Structures are given as structure tokens and as C-alpha cells.
Amino acid sequence: MTVTDLGNRVAERAATRPRRFWTIPRRDALVGYLMISPQLVGSALFVLLPLGLVIYYSLQEWNVLAGTFEFVGGDNYAKLLADPKMGQVLTSTALFSVGLVVLNLALALALAILLNQRLRGTTFFRTVFFSPVLVSLVAWTIVWQFLLQQDGGINGVLGVAGVKGPNWLRGETTALLSVVVVQVVKNVGLNMVLFLAALQGVPRQLYEAAELDGAGAWTRFRRITVPLISPTILLTSIVTVVGSLQVFAQIAVLTQGGPGMSTTVLVYYLYQQAFQFRHLGYGATLSVLLFLIVAALTLLQWRLRRKWVFHES
């Protein structure tokens, strides 16, 4: 028997032998799916299912008190387009989000640069600026409510300096600014820590080489620091933008959307319609609008990353 005949017999037996179902690639795939199944199940139950229900409820008129549940089609969306308050709500939401994102990111980056220096006491100040992140949100907001009252602590300090402070939570401009500041001081430490971690990953040799070439502090910051920490800037900007559109407790405790509608952002308006006025169908429609805004802004930031994020161009 030649080698060729022996090879043909082996090939014939291999062809007639039934193939095993659990091959190595299939077993590896099964292990992978089992590993990610808890996350997939959680996402399906707590993200996809609620999102689908919200869209379904937005097509209904649900009166909890009367016990009625009626399909109305696109009536809630037509009501959204004709809502005379929606312009003011979206304006307040935009002003709040822009002010919060800009102030939070700028302050967090400035603090991170200062606390990245090799100076005494930096560990203490890092702890001080990060500690508000760990404080209960409601407790933090209640304390600031007392501080921002007409005769509160902030106006008391200003009075010692001979300055008469405004009623921070009752003025249309100062109310929105106050809520922004309370939220920024509460969460700036988180972004500060992220920026600190990014700054410590920048090679010091680059700064030394740039300094030898005569580059000033601003040039080193613009040409070295910002490009190398740009992935972290992208991460913090996405997280901060999404968080700014979901702020509710601070407004509910401090201003209840007032004075007028100056601090009635979309989340709080949604809460009013769904749970105060019992317009659950319209509240679901506002939830869909909020989801679309968050998704659009996140997608926009992700698409623009190629223009300014290092290693993404």
C-alpha cells in the first residue's frame, strides 16, 4: 500500500465520521456568551425593556385616578410640538447644561493641574475637593438651601464685608446660577481625579524638551497637555453632559423649578407632567424627547472626536 492510498483511506474515514457539535470554537463562543450574559440580561431588563415601555406609554393616555388607559397615537407628540412652555423649558435646560459642563470641566482641569504639582499639602487638598462626591446628594442640597437663603450663611459672610447679598434662590438669574454652582461643587472632584490620573500619565520628558526649545507654560499646555489627555477630556465631557441633563434632586429641593420657569429643566418638567399633573402619557413623551437629546449629543461628541482627540485622527 502506497502512502497515497493510506492518505486517501484516512481522508475517507474522516469524511464519513460524524462531526462533533461542540468544537473548540463553539465551546469558546459559549464561554464568552456565558460571561457576558449577566450584563446582557441586565441591559435587556433595565434598559431596553423600560425604553420600549416608555415609547409604548407615549402613545397612550393613562389617567391613573380615573383608571383609564386609551390609545391616542401621536396626540401626545402633537401636544409636545404645540406646548407653549416647551421653549422656556428647553432654554432653561440648555443654559443649565452649558453652564454646568463648562464650569465643571474648566474647574476640574484647573484643580487637577494645580494638584499635580509636587508641593506640600496636595494630598490633603485632593481629599478636600473629592470629599463632596461621597456626601449624600439630598443632604448636600439641603445644606446649600440654608446657605443660599436671604438670611443664610453666604449672605451673612457678604454682610460682614459690607455687601448686601441677593435672595439667591428667588431671582431668575441667581437661581439658575446657584443650582449650577451647587452641582459643580458637588461633582467637580470626580472629574478632577480623572484629569489627575491622565496628567500623571503624560511623560515629563516632553515638558523638559519643550522647555529647552523655549516653549512657555501656555504653549506646553496647549501643545502637550491637552492633546495627550484629550481621551480623558472626551470621557468626562460625555459623562458630564449626560449628567447635566438628568439633574433633578437639586432643583426639586432648592427651587422647585422657579422662580417662574427659570430653573424648570426638562427632567423636572417631565416629573411635573407625569407625577404632579398625572399626565403619564405626556410624561412618557417627554422622556422620549430627553432620550433623543441625550443620544444625539452623545453621538455628536463621539463623531467629533476624530477632529481633536489624540490617536483618533
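The expected span is 1.5 Å times one less than the number of residues. Helices (H or I, at least four residues) and strands (E, at least two) are DSSP runs, numbered from the N terminus.

This is a predicted model, in which local features need pLDDT of at least 70, side-chain atom pairs count only at pLDDT 80 or more, and totals for chains, interfaces and linings use all residues. Residues are numbered from 1 along each chain as its sequence is written, and side-chain values use heavy atoms, with hydrogens and water left out.

Start with the whole chain. The protein chain has 14 helices and two strands. Its radius of gyration is 28 Å, well over the 20 Å that the globule rule gives for 313 residues, so the chain is more spread out than a compact globule. That radius is taken over C-alpha atoms, and the rule is 2.2 Å times the number of residues to the power 0.38. Along its principal axes the C-alpha trace spans about 110 × 75 × 35 Å.

Return to helix 2. It bends by about 45° at Ile36. A proline, Pro38, follows within four residues. The bend is the angle between axes fitted to the seven residues ending at a residue and the seven starting there.

Helix 8 (residues 172–199) can be checked in the same manner. Its 28 residues should span 40 Å at 1.5 Å each, and the end C-alpha atoms are 38 Å apart, which agrees. Helix 8 bends by about 45° at Asn187.

Now the strands. Strand 1 (residues 60–63) and strand 2 (residues 68–71) run antiparallel, joined by four bridges. Two strands pair if DSSP finds at least two bridges between them. Glu61 has Glu70 in strand 2 as its bridge partner. The two strands form a hairpin with four residues between them. In the turn, Gly67 has a positive phi of about 75°.

On a 1 Å grid over the protein atoms alone, a cavity is a set of points where a 1.4 Å probe fits but cannot get out; a pocket is an open set with protein on both sides within 12 Å along at least five of seven lines; lining residues have an atom within 4 Å of a point. Grid points are joined across faces, edges and corners, and a volume is the space filled by probe spheres set on the points.

The largest pocket holds about 540 Å³. Its lining has 16 residues, and Asn116, Gln117, Arg204, Tyr207 and Thr225 lie nearest the centre. Helix 10 (217–228) and helix 9 (204–212) each supply at least two lining residues. Helix 10 gives the largest share, five residues.

The search finds one cavity of 30 Å³ or more. Residues lining the largest cavity include Thr93, Ser244, Val265 and Leu290.

Finish in the loop between helix 12 (249–254) and helix 13 (266–276), where Pro259 is found. The peptide bond from Gly258 to Pro259 is cis, with omega near -5°. Gln256 is found in the loop between helix 12 and helix 13. Its phi is near 50°, a positive value in a residue other than glycine.
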